[in-house]
Amino acid sequence: MKVLRIDNQGVLNNAVFKNLEDLRQQLCDYHSIDWEGVDNNNNDIDIHTLTLDQIMDHGEWSYEWITEEQAKQYEDKRY
């Protein structure tokens, strides 16, 4: 099984990842330029400490599990 990243805004093409951790890391890297998160004490939060759900909420992303065969139809493979 592979993970299909879906951009709910329709800006980026869908991409296929080998697992959820790779997807999380890619989304953290992508959003690092616009991230301004702080904790309750106004300390900066490192974007790479966010969970997948948290980083997906920061942008407008979703994902679905797809088969190896389905993954072949996508050009952007990140595995």
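**Salt bridges**

Tutor: Lys 18 has a relative accessible area of 45% and is therefore partly exposed, the class between buried (under 20%) and exposed (over 50%), with a 1.4 Å probe and protein chains only. The model is predicted: local features need pLDDT of at least 70, side-chain atom pairs count only at pLDDT 80 or more, and totals for chains, interfaces and linings use all residues. Residues are numbered from 1 along each chain as its sequence is written, and side-chain values use heavy atoms, leaving out hydrogens and water.

The partner of Lys 18 is Asp 22, in a salt bridge whose closest N and O atoms lie 4.0 Å apart. The term requires a side-chain nitrogen of Lys or Arg within 4 Å of a carboxyl oxygen of Asp or Glu. Over the whole structure, five such salt bridges are found.

Another of them joins the side chains of Lys 2 and Glu 68, at 3.6 Å from N to O. Lys 2 belongs to strand S1 and Glu 68 to helix H3 (residues 68-71), so this pair ties together parts 66 residues apart in sequence. Helices (H or I, at least four residues) and strands (E, at least two) are DSSP runs, numbered from the N terminus. Lys 2 is buried, at 11% relative accessibility, whereas Glu 68 is partly exposed, at 41%.

Glu 69 and Lys 72 also meet through their side chains in a salt bridge, at 3.3 Å from N to O. Here Glu 69 is exposed, with a relative accessible area of 55%, and Lys 72 counts as exposed at 57%.
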